[in-house]
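This report describes selected features of one protein model. Please consult the sequence and the structure while reading each section.

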Amino acid sequence: MLYKFVKQRISRRASARVVSTFLCVLFVTIHPFSQLGGSSAFLVLSLKELVFSVQEDLAQQLEITIINITGALAGIGVSTFAKYLATIPQDGSVTSRFIPAAFLVIISFLAGWAKSRLPRLHLSARISCFVSIWLLTDNIGTTSAVLSDSGGFLWITVTAASVCLFSSMLILHWSSTHLIEEVASTLRIIHRCLSVGMSNPFTHPSSQQIAELKDLHGELVHQSVILNEMYCQAAFELRVGRVSVKSLKPLLGMVEHLRRELSWGMVPQPGQNDWSNESHCASSSSFEASAIELGKTIMNSIKAVEDLVLGVYTHTSLWHKSLRTERDAVTAAAINLNFAWYTAKNELRNTIQTWSEEPISPSDSIVPSHLHHQCLFVTSLLQMAYDTSHILQVAQSIAAHHEVSRFRFWLPRLTRQWLGVAPRTFIMEEYGAPITHDTFEAETTLSAEEVRQGVAFVDRQDDTTSQEGSYCPATGNIPTVPQLSLKSLPRCLLLTLQHLWNHRVILQLRLGASRVIRDTQRSSHLQHATKNAIGVAMLSFPAFLPSHSAGFQWFRWIHGQWMIISYVWVLETNTGATWRVGYLRLSGTILGAIYAYITWAICGRNPIGIVAMVTFFDIPITWLVTKSRIPSLGVVASVTLPPVVLYQYLTPDSGVSTRDLAWMRASMIALGIIAALAMNSLVFPRYSRVLFLNQTSTTLRLLSQLYLLLVQGMFRSIYPFTPHDKQETLKLELQIRNALHRSSSLLTTMNDELSLVPKPMRHYREVVPKIQKILDLMTGLRKIRENIPRKETIASVMKERKEFISCICISLFACQHVFQARQPLPQFLPSARQALETLESRIEASLRRGIDADVSVKGISLAYSVAEGEVMKDMVDTIEGLLELCRQLFGTSAWLTHTWPETSVYNADEGPGTPSEGWFSTVGRM
């Protein structure tokens with residue numbers, strides 16, 4: 001019982017962390033070992049916490065050990081070479097002090113670029129800075145200290161890495177099943193969402209059911225993003241097992257399809273008519289029974305896939321495990337799903353024919369209005385069944401591969417793509433706010449069309465100039481000497497230079513140079529590298545002053561290296577993340593300094609007491625790092641402790657009291673944090689609010705492109721959706737999903753930015769779900785339109801379709817530029833709702849004529865046409881909600897501020913002084 005309790009409450013990673021801390025402090029307090037690291041041997045604990053901290057599994061620990069030791073060795077090697085060069089000139093000369101300073105700035109610049117551009121080298125870049133800061137700011141120009149200092153840091157690095165790796169090998173599992181657990185969790189959420197939607201699907205939903213479905217849809221969006229991130233990480237990590245995680249890629253794509261189909265097909269809206277009585281009178285009971293049975297079959301299939309995936313990927317033992325039960329369940333689910341799909345499709349076809357054959361008045365719909373939502377519900381079920389069948393095929397393929405595969409290792413490929421994926425780590429200092437590298441065009445940047453027009457103008461100008469005369473060399477005709485004069489010479493030279501400047505070769509070089517300069521100016525990676533180098537140069541400046549100067553003496557006495565290291569560790573690529581990490585690290589510094597003073601007051605130089613107190617302090621720190629949302633606080637508290645307690649233990653003759661040492665270390669760390677906050681707020685500031693608004697504008701632009709691509713195929717007579725269109729659509733959808741994820745991440749850090757003016761966070765948070773909803777609805781339209789009767793619903797209503805598409809595009813365009821320019825909306829925009837009502841009435845009339853001429857129109861395509869109308873209504877509601885948010889955020893440029901009673905005489909239908917219903921008012925319905 002006690003073992004089970006401890007196993008549930010204390011994770012393997014937490015145990016390994018505490019063991020590694022105990023071993024590190026034990027080695028530091030044993031003098032025969034710690035003498036190899038010199039007076040800085042306590043840095044073993046700092047590197048253990050900052051760089052080699054115990055991860056979730058052994059494979060990841062092995063990876064970060066290799067990568068970060070490589071970074072440390074690179075930093076030690078370059079720094080040793082710089083210190084050797086500094087010993088060649090006269091000791092204390094400007095040259096001997098300039099060489100290490102220059103090397104330190106260059107290392108900081110390259111490390112800052114690698115940290116921003118190559119996430120997998122994040123910690124490796126930091127440790128190279130760490131060792132370089134210590135080596136290049138101490139004992140400069142001293143020949144005897146070159147190898148001894150480097151050897152000490154080599155011992156410190158190897159000891160920290162070895163202890164953490166040993167603890168991981170002793171306690172941790174080899175590989176993690178975190179990705180598989182998230183896949184299973186997502187499948188369970190889909191199962192739950194479908195279960196809630198299938199409870200009384202043909203009756204009016206309760207408010208509790210609507211709220212639960214809304215929460216589940218939001219959770220599914222979050223899980224979908226997490227799955228893709230974790231898959232990218234798992235695909236580039238060391239792993240053991242029988243089946244590669246790449247086999248899960250098609251399954252993850254199908255899971256995203258199911259999420260979207262639940263989003264556009266199974267979201268009951270409040271305020272709809274009660275269908276309970278009318279539904280049972282109009283629709284057959286066999287139709288409802290077949291739909292419910294199809295939904296249950298889909299849920300059983302999802303459960304079977306979940307069990308199979310868990311069985312394949314969670315069993316990593318050397319001996320083979322039979323999955324016959326799981327495979328049989330998947331096979332049976334595939335057979336049942338196929339039968340239920342055909343049954344539901346036939347019942348829907350028969351029911352539609354029954355509805356359309358009933359006598360109706362000209363004013364009524366072919367399909368009764370209270371049954372429209374049922375058509376949408378069943379069509380989404382059919383599409384979900386189609387995608388679920390693909391998931392079952394993927395599951396069967398995974399099971400077959402598992403049966404014939406042997407136990408093996410998967411090693412990551414050392415590629416640029418591998419370097420661009422951040423390692424899976426639980427020490428996320430931003431915690432949910434990953435660094436964004438997006439750059440946005442400056443206001444002075446020319447667009448592609450402007451550049452094209454400028455080049456065309458130059459070509460026309462050259463043609464005109466060449467026809468004006470023959471007296472100037474710029475025309476290509478070389479004049480004779482008598483034709484030249486002092487009066488014409490300046491103009492001739494000017495035209496010659498102009499011709500050369502606009503020559504095609506020179507023009508290509510100009511365009512290429514402009515592109516390089518623009519990309520350099522807009523590169524967030526170079527900006528971060530520059531800030532990293534500038535900060536390190538400024539903070540380390542006293543270390544390179546003459547040895548008799550007050551600045552140098554102050555830096556050496558107070559150990560200013562901690563100020564520089566703190567700056568490097570806190571500086572992030574956007575301002576909000578820096579503020580969050582900054583104030584958490586300030587709090588951790590204070591906590592660590594207080595505990596360090598208490599530890600020294602209790603234990604003094606007693607090694608047993610120091611080992612016990614430091615290890616005990618790591619227990620709550622481990623909880624902060626592994627379980628809480630503020631790991632930065634725990635990390636810095638742990639880092640602040642050793643420089644106070646163990647420095648006094650290793651150098652008893654330092655002459656500095658423990659209280660003074662505590663505030664000195666705390667003040668240096670705090671000063672570095674403040675410097676990082678100031679640097680990120682003043683130099684190349686990247687405010688999360690500005691990035692969010694620009695990112696939202698970019699997302700809306702991509703959304704407009706996606707919508708135009710979807711409607712282009714609709715107006716083609718043949719091949720309405722080509723393979724090229726499908727590839728471009730999937731590419732745009734992926735870009736929009738990534739952009740939405742970045743927007744959500746920026747919202748996390750936006751609260752941490754210091755601002756005198758309150759930010760409308762509630763409105764910002766509502767923007768992302770609405771854009772996500774529009775994306776899901778567009779995906780639903782694409783799938784539904786593959787089955788609608790094209791002649792009756794597209795060709796016959798071309799004019800009304802174009803009107804509706806134009807209204808949608810104008811609304812999206814208005815929202816895009818409002819977020820980009822932060823300017824008010826126009827008061828009136830073309831009403832997409834009015835255009836949709838006109839389109840629906842024309843489609844209804846066209847379908848009536850089609851049914852009279854062709855009986856096949858009464859089939860299942862009629863249900864898809866009804867479902868299309870429901871999805872378009874939902875999209876209009878969502879876009880109008882987005883316009884309302886834009887109005888609340890940025891205002892309205894209003895020109896009609898009051899009504900004119902006399903206008904009602906001319907148009908009584910529109911009301912006194914109101915525009916027609918063809919317009920959407922951004923100041924509310926007038």
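A disulfide is a covalent bond that joins the sulfur atoms of two cysteines. How many disulfides does the structure hold? The number is 0. Cys-807 takes part in no disulfide, and the nearest cysteine sulfur belongs to Cys-809, 9.4 Å away. Seen from Cys-809, the closest cysteine sulfur is that of Cys-807; the distance of 9.4 Å is too far for a bond, because a disulfide requires sulfur atoms within 2.5 Å.

## Helix α29

Helix α29 covers residues 761–784 and has 24 residues. At 1.5 Å a residue, α29 should span 34 Å; its end C-alpha atoms are 36 Å apart, so the two values agree. Of the 24 residues of α29, 19 are buried, and therefore the helix is largely enclosed by the rest of the structure.

## Helix α32

Helix α32 comprises 22 residues, 832–853. At the start of α32, a side-chain oxygen of Ser-831 comes to within 3.5 Å of the backbone nitrogen of Arg-833.

Which residues of α32 are buried? Among them are Ala-832, Ala-835, Leu-836, Leu-839, Ile-843, Leu-847 and Ile-851. The buried residues of α32 also include Glu-844, Ser-846 and Gly-850. An α-helix has 3.6 residues a turn, so residues three or four places apart point the same way.

## Asp-387 in helix α15

Asp-387 belongs to helix α15, which covers residues 372–404. Is Asp-387 buried or exposed? With a relative accessibility of 3%, Asp-387 counts as buried. Apart from neighbours within four places in sequence, Asp-387 is in contact with Met-254, His-257, Leu-258, Glu-261 and Lys-783.

## Confidence in the model

The protein chain has a mean pLDDT of 82, and 84% of its residues reach 70 or more. Among the elements of the chain, helix α6 (residues 94–117) has the highest mean pLDDT, 93, whereas helix α12 (residues 276–282) has the lowest, 44.

The pLDDT is below 50 over residues 272–283, a stretch with 28 contacts in the model beyond near neighbours in sequence. Residues 469–482 also have a pLDDT below 50, and this stretch has 19 such contacts. Where pLDDT is low, the predicted coordinates should not be read in detail.

How values were computed
Residues are numbered from 1 along each chain as its sequence is written. This is a predicted model: local features need pLDDT of at least 70, side-chain atom pairs count only at pLDDT 80 or more; totals for chains, interfaces and linings use all residues. Side-chain values use heavy atoms; hydrogens and water are left out. Helices (H or I, at least four residues) and strands (E, at least two) are DSSP runs, numbered from the N terminus. The expected span of a helix is 1.5 Å times one less than its number of residues. Buried means under 20% relative accessible area, exposed over 50%, partly exposed in between (1.4 Å probe, protein chains only). A polar contact is a pair of N or O atoms within 3.5 Å; within protein, one must be able to donate a hydrogen and the other to accept it, and residues adjacent in sequence count only if both atoms are side-chain atoms. Contact means heavy atoms within 4.5 Å. pLDDT is the predictor's confidence in each residue, from 0 to 100.
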